[in-house]
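I opened a new notebook page for this structure. These are my entries, in the order I made them.

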Amino acid sequence: MYQPMTRIPCIFHRWMERWLRKWRTISVLIEIEDAEGVEAVAKTERDHFRMKVHHGFRHVPFYSARVTPSALEQLLEHPKVKKVYLNRTVKALLNNAVPSANAKHVMINGTELSGKGVTIAIVDTGIYPHPDLEGRIVAFTDFVNGRTTPYDDNGHGTHCAGDAAGNGRMSDGLYAGPAYEANLVGVKVLDRSGSGTLETIMRGIEWCIDYNKKNPTKRIHIISLSLGGEPQPFPTENDDPLVQVAERAWESGIVVCAAAGNEGPNYGTISSPGISDLIITVGALDDRDTSATRADDDVASFSSRGPTEYGVVKPDLVVPGVNIISLRAPRSLLDKMNKQSRVGDHYISMSGTSMATPICAGIVALMLQAKPNATPDEIKQALKDGADLWKGRDPNVYGAGYVNAKRAIERLLQR
């Protein structure tokens, strides 16, 4: 909060400290217990003219605000204010990937699954209206710049959208995602540099929950979170604000897929909200660009390992995430910085658990097309039961194993 006042004469230190306590502000999340906590936040805002409450969350007991040190002290002294969290930074963490995951041409009762009728929310940097997504971006919201039409000034979210649901139109079907007929919702929570805050990500997930209440016949079925922040040493995982809101989405019936993170090969590096014991946490494997065989495949060295800070075994499973070719967002930051990674005019290659996560979300879309009434818990268990290879190895590296879309769907239909 304070920087050392080494260049200020000591006789002014006390005056300077009083000034900082009233004028310096920081961005925080305030967790309350009940209605008295709501009033405590309101009263503190009235008492401190530099404090500003930005948003009251509807599905978790939080407010976002900018507070002064003196306002922070008043909040922490109130018994109904449970905790105050720093509004920390969260960052964005198909060539052979789809056949490697056994997610191409999956047939059930003579019908090829394509994700038709299923909607995936890409909570990320936005979605560029790429030809491979034409007519399937059904909604868009922007918590960064407030724009109303789809765009992506970073490029990460567009790549993720294609990982899940690109139809390969501009590549004669070569670079298509698993759910090539699924609908998409763009939820922009990360800025041009790929960074956001706890508040914007939480608001984006909350928006998805509210969207379903307003559109019960056009629901979001899946949230894909190719982002994460360094987990904090809270007493329990459910003290993490991002975990709380992700789990509210899961409990509302939305399947949530989150990236494990790219901090491997060290153990204990799973990102938040992937530390949640409820949602699906996705690690990345390297298929060596050889879809015909899995013999040479292995977990990517960068894929984060478990266990979580709270002893939960993670990731849940691993999905192709190395050298994934997907949609390019022209003139976006990543497009300009990685010209060497462009593949033709319409595609770009990227690696990371960020890529593995939407591929998993696309597979979930196939599962929900096959069994529309499946619950998030049933989806997660079927994915893990259907995984193959690496059984008996360290689950904090490999999870339940290598995703197998066809087997996961078969397991789901047997329930």
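My entries on helix packing, cysteines, loops and backbone follow.

**Ground rules.** I am working with a predicted model, where local features need pLDDT of at least 70 and side-chain atom pairs count only at pLDDT 80 or more, while totals for chains, interfaces and linings use all residues. Residues are numbered from 1 along each chain as its sequence is written, and side-chain values use heavy atoms, with hydrogens and water left out.

**Helices 9 and 10.** I looked up helix 9 (residues 353–370) and helix 10 (residues 376–386). They pack at an angle of about 110°, and their axes are 11 Å apart. Helix 9 is therefore roughly perpendicular to helix 10. I note the terms here. Helices (H or I, at least four residues) and strands (E, at least two) are DSSP runs, numbered from the N terminus. Axes are lines fitted to C-alpha atoms, for helices over the stretch in contact, and angles run from 0 to 180 degrees between N-to-C directions. Angles under 35 degrees count as roughly parallel, over 145 as roughly antiparallel, 65 to 115 as roughly perpendicular and the rest as oblique.

Which residues meet in this pair? From helix 9 I listed C360, I363, V364, M367 and L368; from helix 10, I379, A382 and L383. Contact means heavy atoms within 4.5 Å. By class, this contact of helix 9 with helix 10 has eight nonpolar, no polar and no charged residues. Nonpolar covers Ala, Val, Leu, Ile, Met, Phe, Trp, Tyr, Cys and Pro; charged covers Asp, Glu, Lys and Arg; the others, Gly among them, are polar.

**Helices 6 and 7.** Next came helix 6 (residues 198–214) and helix 7 (residues 241–251). Their axes come within 9 Å and cross at roughly 10°. That makes helix 6 roughly parallel to helix 7. L198, I201, M202, I205, E206 and I209 in helix 6 face P241, L242, V245, A246, R248 and A249 in helix 7 as contact partners. This contact of helix 6 with helix 7 divides into ten nonpolar, no polar and two charged residues.

**Cysteines.** How many disulfides does the structure hold? I found zero disulfides, a disulfide being a pair of cysteine sulfur atoms within 2.5 Å. For C208, the nearest cysteine sulfur is that of C257, 13 Å away. For C257, the nearest is that of C360, 4.1 Å away. Buried means under 20% relative accessible area, exposed over 50%, partly exposed in between (1.4 Å probe, protein chains only).

**Two loop residues.** S252 sits in the loop between helix 7 and strand 14 (255–259). S252 is partly exposed at 34%. Not counting residues up to four places away in sequence, S252 touches I209 and R219. I then turned to D239, in the loop between strand 13 (227–228) and helix 7. Is D239 buried or exposed? D239 is buried, at 9%. Leaving aside neighbours within four places in sequence, D239 contacts K83, Y85, F234 and Q244.

**Backbone.** I noted a cis peptide bond from S272 to P273, with omega near 15°. Another cis bond runs from K314 to P315, with omega near 0°. D172, not a glycine, has a positive phi near 55°. D172 is exposed, at 79%. N323 is also not a glycine and has a positive phi of about 55°. N323 is partly exposed, at 38%.
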